[in-house]
Amino acid sequence: RLQWRANVRRLEAEPIRDAILTVSGRLDTTMGGSMLHVKNREFLFNHTSQDGTKYDSLRRSIYLPIVRNHLYDVFSLFDYADASVTNGNRPTSTVAPQALFMLNSQLLLDACKALVERLPGGDVESPHERIRLLYERILGRPPLAEEVVKAEQFLQQFDDTLVDAEGVNEAGQKLHEWEALCQILLASNEFIYLP
Amino acid sequence: MHVHMPTRRKMLQHTAVGFGYLALSALLQEQAVAERSLLNRGVNTPANPLAPRQPHVTPHAKRIIFLFMKGGPSQVDTFDYKPKLQRDHGKELPFSKPRVQFSDTGNLWGSPWKFKQYGENGIWVSELFPHVAECVDDLCILNSLHGSNAAHGGALLKLHTGSDNFVRPSMGSWITYGLGSENDNLPGFVTICPTLAHGGVKNWGSAFLPAYCAGVPLGVASQPSSDANVRYISNPSWSPSGQRLQLDMLAQMNRTHMADAGDQAALEARIHSFELAYRMQAEVPEVQDISDESAATLDLYGLNDPVAEDFGRQCLLARRYAERGVRFIQVTHSDTKVQWDQHGGLEQGHSKNAREVDRPIAGLLRDLKARGLLDDTLVLWGGEFGRTPVAQGTNGRDHNPEGFTMWLAGGGVRGGVQYGATDEYGYFAVENKMHIHDLHATLLYLLGLDHERLTYRYAGRDFRLTDVFGDVHRGIV
């Protein structure tokens, strides 16, 4: 009864990363073990600003190292709790650097590539079918008729911007505009806010 | 045939009936209004929380450039000449050392460097800073700083956030919160090549203040300043026109979603954040690209000198961000070794460090002055503490938070002045003592902010940068 007026809730940092990896099929579901490959005192204890921690694993976010002085930047971007205090309160912020992450980060771009690669071959399925599959995979629902039209328009227009890029062949271009479309769906409010 | 599956939200919207929900909806409406008013403090809106805000009183300065010398430069070897220290070299300190010290220290050790007098008022500066010394008529040298923490971690946090044991917003965040920014397309607080040590991200974080107040780091201390850039600022695959198409479609999608989800401030703010990101993508690379600077300017900052080049670029970037309206720009001098923290090898270490920063700093001051920016730009130089006039080991000095030197330039402060003093050996601050809290209060005052009125309600009380401390030292204006 209360929900239709309730405030929307944004996903926290870890589910955002996990969701992006899951829908693109890149999530490594291995469980257990440690991701801390740097010796104890080498986590920024000394004066240097060298951070030996690696965050390129594809495992669930819960396994990523948490270094208080230099939190994984994707986590701090999406309001991970402060690791130095004992309460787990997290604000929900909305800032431009988050948008920059959605637009330009390798995590997003790799996810889009993977999503498009997993689509059935372009010459077998119609664009409508592919758009429907993408919507269902990313947003969990079929697209409305007008959304399909808009998506097709986008694909066409984006393709035009790619024509000017040098050294990109036909097949490569075709995949690119689909990747760009995936990115929009992943960056949308609908993906990141709980209904 | 596609069926549009309704969300739970939509279903409830269409089926909710009864008087109960009318009352509740009134309550929720109030909450939404309160939420909006949080965003709409003053003139800022979800579209632009960074819109400039009026300070409390007439400001002397509109922005700060903080040149942070990590590790703690020694005052008796730089800007706090102590002839008695030279004379009593080797003797025991005649008074008690502080109750809490970082390490064991020995006897008095005169400065290995010579001091000369400069400027109209004959201020003594050591030979470590020949270039900055020429600018002494613009400097207000604060010789009576003191802090409460003798270790780097606590001292950095104290200097940057006002607290060495709690998580608090950084100076730059408070200032951005109080004043907004003069440039829609850039963050209000930028930190260039920050150190990750001793507090790391907390030194530019916003803690409980709104996230737009947090500092945006450019690069990191362990990498050359030529690599410094805002994270995720450019797309390796798409062109700006392609991204524009993406953003347009994204905005459409999000607006449709908002129509279903209800008019929520957070959703609208997110739509705007993408627009700001797009503008940042255009503006930041332009600021970072120093190829439009004249050869004379590059030389002024020391970019032709391989030793000074890295820090020189940082200072040049600082000026470029300053002239575009960024409120708080921090430039950190911190290599991957020990920076200014010479517990041993003082002569070698301080010589190297000074060589790297002297010319760029003087260049920055001269350049700001030439462009008419020095009048309303406050430049702060210093470290988290100073060093002891007594020796540590055979050739080092230990941490000294009891008395140390920082200096200010521009932003309405009196130039060619030494404010406050330490004792005859340069150990303890004695005259016009300025605690870190006092420094913060004074910086805010120079920016037109009353440190007691710039507060933020969190967890039931009003917090401020100076907590419950801080006196403004108006004598420096």
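## Terms and model

A polar contact is a pair of N or O atoms within 3.5 Å; within protein, one must be able to donate a hydrogen and the other to accept it, and residues adjacent in sequence count only if both atoms are side-chain atoms. By this rule, 14 residue pairs are in polar contact across the interface of chain B and chain A (both at pLDDT 80 or more).

This is a predicted model: local features need pLDDT of at least 70, side-chain atom pairs count only at pLDDT 80 or more, and totals for chains, interfaces and linings use all residues. Residues are numbered from 1 along each chain as its sequence is written, chains are lettered from A and ligands numbered from 1 in the order in which they are written, and side-chain values use heavy atoms, with hydrogens and water left out.

## The interface of chains A and B

Chain B brings 72 residues to the contact and chain A 64 residues (heavy atoms within 4.5 Å). The buried area is about 6,100 Å², and carbon and sulfur atoms give 64% of that. Buried area is the accessible area (1.4 Å probe) that two parts lose on being put together, summed over both.

One salt bridge links chain B and chain A (a side-chain nitrogen of Lys or Arg within 4 Å of a carboxyl oxygen of Asp or Glu). Asp73(A) pairs with Arg231(B), with the closest N and O atoms 3.0 Å apart.

## Helix packing in chain A

Helices are DSSP runs (H or I, at least four residues), as are strands (E, at least two), numbered from the N terminus. The axes of α1(A) (residues 13–23) and α4(A) (residues 106–118) come within 8 Å and cross at roughly 25 degrees. α1(A) is therefore roughly parallel to α4(A) (angles under 35 degrees). Axes are lines fitted to C-alpha atoms, for helices over the stretch in contact, and angles run from 0 to 180 degrees between N-to-C directions.

Arg17(A), Ile20(A), Leu21(A) and Val23(A) meet Leu107(A), Leu108(A), Ala111(A) and Leu115(A).

## Salt bridges overall

The whole structure holds 36 salt bridges over all chains. One of them joins Arg371(B) to Glu293(B), the closest N and O atoms being 3.7 Å apart. Arg371(B) lies in the loop between α11 and β8 of chain B and Glu293(B) in the loop between α8 and α9 of chain B, so the pair ties together parts 78 residues apart in sequence.

Terms used: Angles under 35 degrees count as roughly parallel, over 145 as roughly antiparallel, 65 to 115 as roughly perpendicular and the rest as oblique.
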